[in-house]
Amino acid sequence: MAAELGTGNKIPSVLPKLAQYELTLTDWIEAHKGSRQFVAMANKCWPAFQTMFGFVPCYVNSRLTGRGIPVACEVDIYGALSEYIGTCISQDAVTLLDINNTVPQDMFEESIKGKKFACDSYTEKEIFMGFHCGNTASSKICNCQMCFQRIMARALPVEVTNGTLEGDIQPGLATVIPVATRSFGSIGIFGIKNMSRFYRHVLIEKHYPHHCAVMFGHQGKYLWEVLKYMGIPVDEIDYNFPKGNFYPTENPFA
């Protein structure tokens with residue numbers, strides 16, 4: 001852990017607890033996976049974890065995910081399944097993020113408006129924050145460092161909230177925009193064409209959960225085929241429609 005964090009090892013005192021937890025999980029996996037070759041986990045992470053054990057498990061989640069063992073926090077079984085599918089398709093680390101559609105207006109005006117990223121420019125309705133406390137693999141984060149869980153620390157002593165991995169998510173093929181977030185946790189600004197329409201007419205209207213599994217590459221065509229192979233009807237596979245192609249409940253005159 002110390003070698004992986006390097007200069008980002010800002011709270012070395014928490015590493016022994018994190019290492020013990022990681023070894024406990026990997027031992028449990030080996031003892032219980034039976035004939036299964038692959039494993040995915042949906043683990044509890046708050047609020048009891050900090051008060052019972054005196055740290056948060058985010059960094060361990062990130063390390064296991066980086067080794068091909070997807071770990072969803074908040075006991076999110078759908079998230080774990082989504083991460084597992086993404087791991088199989090991409091043969092790479094995946095992560096679980098909250099979809100947060102609030103990118104500050106001043107950040108958009110200063111760093112995004114009118115600029116091209118990977119040959120695309122984005123309006124303020126086509127960007128969103130992908131965020132979580134600190135469970136993204138270090139290989140996918142810029143300048144990662146150990147930190148405490150800032151949300152939990154509002155109500156708990158800081159020393160029991162240590163264990164998150166903070167840093168901006170690396171820009172790349174997964175439409176992550178290379179703009180500093182100026183925030184905390186594992187976080188990145190994503191640009192997706194026509195995102196606001198998809199957010200409204202699919203994610204909100206169909207009551208999707210706020211977690212999303214993120215693959216760090218162009219994997220859409222493979223995901224489509226996998227979902228078909230799993231028996232999901234193609235008219236139930238949702239994706240962001242291009243401009244001029246309306247969702248069933250979208251007002252074409254709006």
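**Figure 1. Surroundings of Leu 18 in the predicted model.** Beyond its neighbours within four places in sequence, Leu 18 is in contact (heavy atoms within 4.5 Å) with Met 1, Phe 55, Val 56, Tyr 59, Val 60, Met 146 and Gly 163. Residues are numbered from 1 along each chain as its sequence is written, and side-chain values use heavy atoms, with hydrogens and water left out. This is a predicted model, in which local features need pLDDT of at least 70 and side-chain atom pairs count only at pLDDT 80 or more, while totals for chains, interfaces and linings use all residues.

**Figure 2. Nonpolar cores.** A nonpolar core is a set of buried Ala, Val, Leu, Ile, Met, Phe, Trp, Tyr and Cys residues joined through side-chain atoms within 4.5 Å; buried means under 20% relative accessible area, with a 1.4 Å probe and protein chains only. The largest one has 22 residues, and those with the most contacts inside it are Val 14, Leu 15, Leu 18, Tyr 59, Val 60 and Met 146. At least two residues of this core come from each of α2 (15-32), α4 (58-66) and β5 (141-148); α2 supplies the largest share, five residues. Helices (H or I, at least four residues) and strands (E, at least two) are DSSP runs, numbered from the N terminus. Another core, of 17 residues, lies apart from the largest one and includes Phe 190, Tyr 199, Val 202 and Cys 212.

**Figure 3. The largest pocket.** On a 1 Å grid over the protein atoms alone, a pocket is an open set of points with protein on both sides within 12 Å along at least five of seven lines, a cavity is a set where a 1.4 Å probe fits but cannot get out, and lining residues have an atom within 4 Å of a point. Grid points are joined across faces, edges and corners, and a volume is the space filled by probe spheres set on the points. The largest pocket holds about 1,900 Å³ of space. It is lined by 50 residues, of which Phe 198, Ala 213, Met 215, Leu 223 and Asp 238 are the closest to its centre. Helix α5 gives the most to this lining, with six residues.

**Figure 4. The largest cavity.** The whole structure has one cavity of 30 Å³ or more. The largest cavity has a volume of about 100 Å³. Among its 15 lining residues, Cys 45, Trp 46, Cys 58, Cys 133 and Gln 149 are the closest to its centre.

Terms used
Buried < 20%, exposed > 50% of the residue type's maximum accessible area, 1.4 Å probe, protein only.
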